Amino acid sequence: MADQLDLLWPVLIPVMTAALAACFWYNIRAQRIISFIGLVLLFAASVKLTMTVVEHGVIAKQFGGWAPPFGISFVADPLAAALVAITGLLALTVGIFGFYDVRARHERAGFYPLFHGMITGVNGAFLTGDAFNLYVWFEVMLVTSLGLLVISRSREQLDGTIKYGVLNLFGTILFLIGLALLYGATGTLNMADLARVLPGMTMTPGLMTAAMLFLAAFAIKAGLFPLFFWLPASYHTATFAVGAIFAGLLTKVGVYATFRPFTLLFLIEGETLRYVFTFIAAMTMITGVFGAAVQWNIRRILSFHIISQIGYMLMGLAIATPIAWAGASFYIIHHIIVKANLFLLAGAIRAAGGSDDLRRTGGLLKSHPWLAVLFLIPALSLAGLPPLSGFWAKFLVIDASLRAEYYGLAAVALIVGVLTLFSMMKIWMEAFWKASPVTPSRRRYVPVAFIIPIVMLGAVTMTIGLFAEPFVTYARDAGDVLVDPPLYIAPVFGAEAAAEAGALIAGDAVEAEVIETDLIENGADDGVEEEVR
Amino acid sequence: MTFLYAAAIAAYTGCGLYLMLSRHVVRIILGLALLTNGAIFLIFFSGRIGSMVPAVIPLGDQQLAPDAANSLPQALALTAIVIGFALTAFAVALLVAAYKRLDTLDAREMTAAEDMGSPFLPPGGRPSTGGRPSNDGRSAEKTPEAEKKSDEVKTNG
Amino acid sequence: MRSIILVASTRIFFIAMVVVSLWILLRGHNEPGGGFIGGLMGAAAFATLAFAAGVDDARKMLRIHPAVLMGVGLVLAAVSGLPGVVLNGSYLQHQWLELDLGLFELKLGTTLVFDIGVYFVVIGGVLSFMFRLYEEEQG
C-alpha cells in the first residue's frame, strides 16, 4: 500500500510547490526557497518511484477509493517511471540553471508557479492511466507552458507563443474529439479497461477514426513529420531555462502518449498502419535534420534536431518488436538529457559569446576551452558517437530495424546520424573554432549556475554511455511491458482480468496459428507474423 | 433529436474550422473556441443522452435512481468546458499583449520569431524593422534573396 | 465616464452576488451547486465591480492578489486529499465527520475543504485574467 503511494508524490509535490509559491506572490525570496525545496523533494520522490517499479514491476493506484474503471487510476510501468525520474532530474538541473537565468521580472510574472505547474502536467501525463485524465494533464501542461514561453513579453516570444498555442490547442481538440468517439464506442476511458475491452471488439470505422485522431493529436504534440511547424517557430524564443525544459520534456510527453494507445489500445496489426508509421518516422528524421542545416540561431538548429530525433523514437512504433520498443525507450531517456543539456549550453554560449546567432559569435575555444569540452559531450552523443549514450540509443533502434528487415529505415537512420554530426560540427566551427567576428570589449564569464547543471547532465550522458548495461536491461523491461498489455492491466484489475485480456489478445494469434510464446520471445517474430497474416 | 444534435456538432465544428483558416488571429482563436464546443457536444452526445433526471442522489436514498442520467459524460463535458474557458481567456490576453507589441493581428505579419537566425536575413535581423544593419560580407549576398522571399510571401497571399 | 447610478447599484449587487455565490458553494454539499459554480458567481461579482467602479476598486475589495487566492485554493484542495492517505491509503478519498449539535446533525467532510479550495481557485483564476484585460483596456 505504501509503495503505491509513491505514485502520488511526483504529481502532488509540484502541485503543492506551485500553490505555495503562488501564495507568496509578492515575496520572491520565499518563492525561490519553496521552489528549490520542491525540486529536491520531487527528485527524491521520482527516484523512489523508479526504484519501487524496478522492485515490484508495474504498480497502479486508484484515487478517491473508487473501483477501477470509475475512479482515475495512476499506473507506473517501467517507461513511465523512468520518464518521471528523468523529469525530476531535469527539473532540478534547470532549477539550478534558473538561479542565474531567471530574471526578477520573470519571477514577478509568476515563473515559479508556472514552472511547477508545468512539471505537474508532465508527470501527470506520464503516470495517468485514464485517457481523459491524460487530456486534462495535457491542458495543464499547455496553459502553463504558454505562460512560461511568453514570460518576457518580447516580440519574438509573443509571436512564437501564438503559433505554439494555436497549433497545440488544435491538437488537444483533436484528442478530445477522439476521446468522445472512443467513449461512445466503448463506454470507458480507463486505459487498462480499454485494453481489456478493445481486443474483443471489431475495429469499426468509429474506432479507427478515434485511433487516427489520437495519432494526429499526439503527432502535433510530439512534432511528427507533417505537423511539427509550431516547434521550431517557438522553442528558440523562450528564455534559456524554459527552452531547455521544453526541449527535454514536452515533445517527449507527446511521444509517450503516441506509444500508449498504439501499444495498449489499438494493437498495430496489418500492413497499412505499419507503413504509415514507417513513413512518418523516416520523414520526421529527414525533414528535421535538413531543416536544421540552413539555420543560424543555435536553438533553432537544436529545435529542428528535436524533430529529427523524434523520428528515431518513432522507429519503435514502426517496427514494434520488443527490441525496437526497448530501443525507443532508451532513446527517449537519452534524448531528454542530451537535448536539454544542449539547450542549456546554448545559454552558456550566449553568455560567453554574446549572441545566439552563430554568425555573430565565435572564438570560444580560445576564451572558454572548458565550455568546448562540455559542448562536445552532448553534441557527439546526439550524433551517436561511441562511447556516449547516443551511440547505444542509435545502435539499439538500428539493430532492431535490421533484425526486423526494415533496411530502408535503418539506412535513413544512419544517414540522418551523419547529417546530425554535420550540424553539430557547424555549431562547433562557428561558435568555438572560428575567430570572433567582433572583438569583445571585456572578458565574458559563464556563471557558475550555468556550469553546474551542464556538468551534471553531461555526467549522466557519460554514465549511460560507459555503463550502458543496466540501462539497456531496464529499457528491455520497459519494452516487454509495452508489448504485453496484460502486464499493464494486472495491477489495475487484478491477475484474472489480465489473463482474460491476454487470452483475448492472443485469440487473434491462435486463430492465425501462431504460437503465443513465439510472439513474445524473439525479435524476429515479425516476419513470422506477417507470413501468417 | 439525433439530427438536431448532429447538426449542432457539425455547425460548431464547421464554423470553427472555417474561422481557423483565416489569417486574422482573433478569428483563429474564435474558431478554436467554437471547435472546442463542438468537441464538448460530441462528448455529450456519445454519452447517449437518454434521461433528463439529474445524477444526484435524492435526500434519504442510498443510491442513484435507476433512470438517472449517466454522470460521466457530464463530468467530462464540465472539465472540458472549464479547460476550454481557461485557454480561451489566456489566448485573448495573449492577443491583447501581442497586438500592443507587434501592432498587427495578421498572422502573415507576425514574423518576429521566424527572423531569429534566419538564413534569408542578415544577422542583425530584418532591416526594415530597425534591426542593426550589418557590414558582414555574407549578409550582403543574402539581402536580395531576403527581399525576393518576402515578395513571394506577399504575392502568395 | 462613470455612471453614478451604475456604481452605486453595483455596490449593492456586489454584496448580493458574493452572498449568493457563498450560498451556492455551501449548497453543493448535498444539492446541485458547489465550488466551481459558486466561484464563477463570485468572480462575476468582482468583475462587475471592476467594470463599474474600476479595477483599482475591485482589487482593493479583493485585498489580496488573485494569484495568491489561486495558490491558497490549490493548497486547500490538495491538502483536503491528504486525510484519505493517512486513514485509508487513498488520496482524495474524502473523510466525513458527524457532529451532533443537539438541534441538528452537522455532517462535515473533507469535500467541503476541497470545494472551498476550488471556489478560491476559480475566483483567483478568472480574476487574474479579467483584471488584466480591464487594465489593458483602460490603461
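**Exercise 1. In which helix of chain B is L19(B) found?** Then work out how L19(B) sits there.

*Solution.* This is a predicted model, in which local features need pLDDT of at least 70, side-chain atom pairs count only at pLDDT 80 or more, and totals for chains, interfaces and linings use all residues. Residues are numbered from 1 along each chain as its sequence is written, while chains are lettered from A and ligands numbered from 1 in the order in which they are written.

Step 1. L19(B) is found in helix α1 of chain B. Helices are DSSP runs of H or I with at least four residues, strands are runs of E with at least two, and both are numbered from the N terminus.

Step 2. Count the neighbours. L19(B) has 19 other C-beta atoms within 10 Å, so it is partly exposed. The scale: buried means 20 or more other C-beta atoms within 10 Å, exposed means 12 or fewer, partly exposed lies in between, and C-beta atoms are placed from the backbone.

Step 3. List the contacts. Setting aside residues up to four places away in sequence, L19(B) touches R27(B), I28(B), L30(B), G31(B) and L34(B). Contact means that the C-beta atoms, placed from the backbone, lie within 7 Å.

Step 4. Check one pair. L19(B) and L30(B) are eleven residues apart along the chain, and their C-alpha atoms are separated by 7.0 Å.

**Exercise 2. Describe the packing of α1(B) on α2(B).**

*Solution.* Step 1. Take the geometry. Helix α1 (residues 2-20) and helix α2 (residues 25-46) of chain B have axes 7 Å apart and pack at an angle of about 155°. Axes are lines fitted to C-alpha atoms, for helices over the stretch in contact, and angles run from 0 to 180 degrees between N-to-C directions.

Step 1. Name the arrangement. The angle makes α1(B) roughly antiparallel to α2(B). Angles under 35 degrees count as roughly parallel, over 145 as roughly antiparallel, 65 to 115 as roughly perpendicular, and the rest as oblique.

Step 2. α1(B) and α2(B) cross in a left-handed sense. That is, the near helix is turned anticlockwise from the far one by less than a right angle; clockwise would be right-handed.

Step 3. Class the residues. The contact of α1(B) with α2(B) has 16 nonpolar, five polar and one charged residues. Ala, Val, Leu, Ile, Met, Phe, Trp, Tyr, Cys and Pro count as nonpolar, Asp, Glu, Lys and Arg as charged, and the others, Gly among them, as polar.

**Exercise 3. Which residues of α3(A) meet α5(A)?** Start from the helix geometry.

*Solution.* Step 1. In chain A, helix α3 (residues 78-101) and helix α5 (residues 111-127) have axes that come within 9 Å and cross at roughly 165°. That makes α3(A) roughly antiparallel to α5(A).

Step 1. The crossing of α3(A) and α5(A) is left-handed.

Step 2. From α3(A) come A80(A), L83(A), V84(A), T87(A) and A91(A); they meet I119(A), V122(A), N123(A), F126(A) and L127(A) in α5(A). The classes are eight nonpolar, two polar and no charged residues.

**Exercise 4. How many residues of chain A are in contact with chain B?** Then trace one of the chain A helices involved.

*Solution.* Step 1. The count is 37 residues of chain A against 33 residues of chain B.

Step 1. On the chain A side, α6 (131-149), α7 (155-186) and α10 (230-234) give two or more residues. α7(A) provides the largest share, 18 residues. By class, that side has 19 nonpolar, nine polar and nine charged residues.

Step 2. Look at V166(A), in helix α7 of chain A. It counts as buried because 20 C-beta neighbours lie inside 10 Å. Leaving aside neighbours within four places in sequence, V166(A) is in contact with I28(B) and L32(B).

Step 3. Compare the B–C contact. It takes eight residues from chain B and eight residues from chain C. The chain B side has eight nonpolar, no polar and no charged residues.

How values were computed. Two residues are in contact if their C-beta atoms, placed from the backbone, lie within 7 Å.
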